[in-house]
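Let's take a walk through this model together, from a pair of helices to charged side chains and a few backbone details. Have the viewer open as you read.

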Amino acid sequence: MTDQPRMNRYCLTLLFIISSGIALNSSCHTPTKEETGKVLADKYCSGCHLPVSPAMLDQDTWINHVLPAMAPKLGIKVWGEHEYYPPMPGEKPGLISIKDWQTLVDYYREAAPKQLVPGKPSPPLQHDWSVFSIKYPEIKDSSAPVGTTLVAFNVADSGLVTSDALTGTLTCWDKNFRPVSSRKLPSPAVDLLFTKDSAGTQQAILTEIGNMRALDAPAGIITRVNLRNQDRKQADIMAFLKRPVQTLEADFDKDGLTDLLVCAFGHNQGGLYWLKQLPDHSYQQRPIQEVPGAIHAETGDFNHDGYTDIMALFAAGDEGIWLFENDKKGGFTSKNLLRFPPLFGSTSFQLTDFNGDGQPDILYTCGDNADFSMVLKPYHGLYVYLNEGNNHYKQVWHYPVNGCTKAVAADFNQDGKPDIAAIAFFADFEHNPSEKFIFFEGGNTPLTFTPHAPPIEQEGRWICMDVKDYDQDGDPDIVLGNYAQGFIILDHYKPDWKEYQPFIVLQNKSKQ
């Protein structure tokens, strides 16, 4: 929800916010019902996240979905189809009076548009293969649907690794994309970190989410597996996490032992956790920021003091990117870099230098659309924020993509300029299915791109992506993971993509 101009544009208006509501005294202006509703919205929404303008959703979504879901958080009871009641005598009083709540509801009802205006991508999509050609996996059963949650190029073995939520398996594929081994997992793996043991043997640290749906059950596991010996049991590092989605390695306290950083998205609970490795090689869980929504993190010495810091994206409620600076004493201090409205549905970010000034800029995506406001949103898509120094970032580019899930910047066509590959799990399948995967070719001027849409709309629905030079020919390739069923937000839409194909590979031909 974005802030709008405050009521101080009226001369001599005095604003008094009191616990029972709002009192306004003015010698020259009596506030309208809309103005009063906006002040209430600013007051009661900004306690947990940025205030949200009514213009960000259509009227039906506000009245029938979002506001009934918000009411209990403020202590207002909901009965039937959004009939609101105050707490009963003897119950804990609400944070807002029933009168003020109804004024707030009326404000959103009257100020919200009937429909959202779709975003207008510019320049328009070019429907061609650009620098890519498609490679397919070997499929043994074309009748079984797939729910791919992880794709990761295994460059050391010239193959890749996938995980499937429907079969609960982790599968290794060879360089010709034939399955060579598989193991059962307690829950789907959504992230994989390649590592080695003390003998130099390749291993992988898996992040097993526990449950794909929004639950707070502590069923997530961080575990270590031997990819070349699927008969060996997984060695759990940390269990009972709430929907972990990413794991990184770093030595945060410079004791010579490699620690882990875990993003646990959770639902109503979750957090960003430091798993400190102890001398006996066990791990101690330490919370860095214990709030839900931790979805992606990057590590590095961002303040150049010799210690590893963290940038992390939180995507629930108070969405934004925070910098956690290492205090060199076993802790971190946080600074907010960017904040986003809670309707954005933040999904990923990446640090890359877009303008060649030597400073890392931020490539950010938003588009998670499986909550209370399941409508296509024109502000979903890709954003670039330029680093202006001193932890200040400025938005300089936006390209609307419905339901954008992830973007990766790299020099795909080997011309020395950054390009971007992007996927959208909640794309507009009916009117613009090509936006499920877009390749943005960087132009001669910084932050200008030509968007290409290869004809792969019917190959799958992409929820995950990895980018590496798997064939080691000098240019980065792309693998897309197909989560074929479920989480459809468009009424009466019947999928027209291949539901049996776990992934496709877009092989880069720019070096050929």
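At what angle do helix H1 and helix H3 pack, and how far apart are their axes? Before the answer, a word on what you are looking at. This is a predicted model, in which local features need pLDDT of at least 70, side-chain atom pairs count only at pLDDT 80 or more, and totals for chains, interfaces and linings use all residues. Residues are numbered from 1 along each chain as its sequence is written, and side-chain values use heavy atoms, with hydrogens and water left out.

Now to the helices. Two packed helices are described by the angle between their axes and the distance between the axes. Helix H1 covers residues 33-45 and helix H3 residues 98-111; they pack at about 110°, and their axes are 8 Å apart. That makes H1 roughly perpendicular to H3, a label for angles of 65 to 115 degrees, with under 35 counted as roughly parallel, over 145 as roughly antiparallel and the rest as oblique. The axes are lines fitted to C-alpha atoms over the stretch in contact, and angles run from 0 to 180 degrees between N-to-C directions. Helices (H or I, at least four residues) and strands (E, at least two) are DSSP runs, numbered from the N terminus.

Which residues make this contact? On the H1 side they include Lys33, Glu34, Leu40 and Cys45, and on the H3 side Asp100, Leu104, Tyr107 and Glu110 are among them; contact here means heavy atoms within 4.5 Å. By class, the contact of H1 with H3 has 6 nonpolar, 3 polar and 6 charged residues.

Let's turn to the charged side chains. The structure holds 13 salt bridges, each a side-chain nitrogen of Lys or Arg within 4 Å of a carboxyl oxygen of Asp or Glu. One of them joins Asp253 to Lys276, with the closest N and O atoms 2.4 Å apart. This pair links distant parts of the chain, 23 residues apart: Asp253 sits in the loop between strands E14 (244-250) and E15 (259-264), and Lys276 in strand E16 (residues 271-277). Asp253 is partly exposed at 23% relative accessibility, whereas Lys276 is buried at 12% (buried means under 20% relative accessible area, exposed over 50%, partly exposed in between, with a 1.4 Å probe and protein chains only). Asp255 joins Asp253 and Lys276 in a network of salt bridges.

Another salt bridge brings together Asp305 and Lys328, at 3.9 Å from N to O. Asp305 lies in the loop between strands E18 (294-300) and E19 (309-314), and Lys328 in the loop between strands E20 (319-326) and E21 (332-340), so the pair ties together parts that are 23 residues apart in sequence. Asp305 is partly exposed at 25%, and Lys328 is partly exposed at 47%. The side chains of Asp466 and Lys468 also meet in a salt bridge, at 2.8 Å from N to O.

Finally, follow the backbone. Most residues other than glycine have a negative phi, and most peptide bonds are trans. The bond from Ser122 to Pro123, however, is cis, with omega near 0°; Pro123 is in the loop between H3 and strand E5 (132-135). Lys254 has a positive phi, near 55°, and lies in the loop between E14 and E15. Gln414 also has a positive phi, of about 60°, and is found in the loop between strands E26 (404-410) and E27 (419-424).

How values were computed. Ala, Val, Leu, Ile, Met, Phe, Trp, Tyr, Cys and Pro count as nonpolar, Asp, Glu, Lys and Arg as charged, and the others, Gly among them, as polar.
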